[in-house]
Amino acid sequence: MTGEQLSNALSNALTDVPGFRVGHAQRTGDGWLTGVSVVLAPEGGAVAAVDVRGGGPGTRETDALDPRNLVQRVDAVVLTGGSAFGLDAAGGVVGWLEEQGRGFRVGPEPGQVVPVVPAAALFDLGRGGDWRARPDAALGRAAVEAVEAAAVGGPVAQGNVGAGTGAVAGGLKGGIGTASVRLPSGVTIGALVAVNAVGSAVDPATGRLYAARYGEPGEFPDLAMPPQGRTPDAASLNTTLAVVATDVTLTKAQAHKLAGTAHDGLARALRPVHLLSDGDTVFALASCVRPLPVPEGDPAFAVHVEAGALNEIFAAAADVVTRAIGHAMLAAASVGEFRSFRDMCANQPNSG
């Protein structure tokens, strides 16, 4: 990614992809440390896909995203804390969408819709002190209602918000992060990540974020923790969740490939990933308002030319996921026993 591309990213957030909006809701204190994040698609929905690679996922409506199945577009994706209990949050988003007349049409009347809302949960149970403090439909509704208050194309809150409220990564405080890129072709790709990993975001040899090496000059500060040679607790329960969005036209099969290659971004920024104790899940959303930028060429090689255009988008998706993870770790604030990366870097000679 060039410096010009970064400057063109506007807010450097998923909301730079035209039409997509993000809302968060969370509860803290009195035993609570959890929340919900919602990515709302433009009117008419977005072509959607998912790729689940963690060994312990908690999901809802992901089968509907299989390219072989009926539903082509969805109106929202939910990322939630609370493990499997937190999937109840999607019900609040479904109810809100129904009131807006948005969803999969199942009858001739405008209100005869069934909103299909894929969701994935991360494990944060008990991190605020109360094992039973977990998101429900009301908190999910609050998150989607927060979308209405957010400026179109505006910045996205990061750190201890939404699904990242109770997140932990490699023993440090995790959280929500976002990033985006606008390619020379004009295609925009953005990512929102809830970083809650068994693996670490920090290179134990240098104390620096793995993600920082993939940022543009000036995007990430020169911060480093004291090198500790730490080994993450592979027996802990976690899960990193991501949504990658673009304005380009994709089929469901192509969107599925986009979600799959975006997992490379997790592997660059978190080590290890995709363990049995993780439920790592990436959703891909395409609003399809911009045609795939395929240059003219020899018709005999048209399939290869199209593949090249797609490859550029797939590679950029992995990059924005990596960068979003870096921003999540930088934005996270210490809570209780969970120290933030920034606090662990305090007073270090190279802390910038």
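Helix 2 passes helix 3 in a right-handed crossing, that is, the near helix is turned clockwise from the far one by less than a right angle. This is a predicted model: local features need pLDDT of at least 70, side-chain atom pairs count only at pLDDT 80 or more, and totals for chains, interfaces and linings use all residues. Residues are numbered from 1 along each chain as its sequence is written, and side-chain values use heavy atoms, with hydrogens and water left out.

Back to the pair. Helix 2 is residues 89–99, helix 3 is residues 137–149. Helices here are DSSP runs, H or I, of at least four residues; strands are E, at least two. The two axes come within 5 Å and cross at roughly 50°.

Who touches whom? From helix 2, A89, G91, G92, V93, G95, W96 and E99; from helix 3, A137, G140, R141, V144, E145 and E148. Contact means heavy atoms within 4.5 Å. The residues of this contact divide into five nonpolar, four polar and four charged, with Gly counted as polar.

Next, P67. It sits in the loop between strand 4 (58–60) and strand 5 (73–74). P67 counts as partly exposed because its relative accessibility is 38%; buried is under 20%, exposed over 50%, with a 1.4 Å probe and protein chains only. Beyond neighbours within four places in sequence, P67 contacts K252 and A253.

That brings us to helix 4, residues 252–269. Its buried residues include K252, L258, H263 and L266.

Methods: Axes are lines fitted to C-alpha atoms, for helices over the stretch in contact, and angles run from 0 to 180 degrees between N-to-C directions. The expected span of a helix is 1.5 Å times one less than its number of residues.
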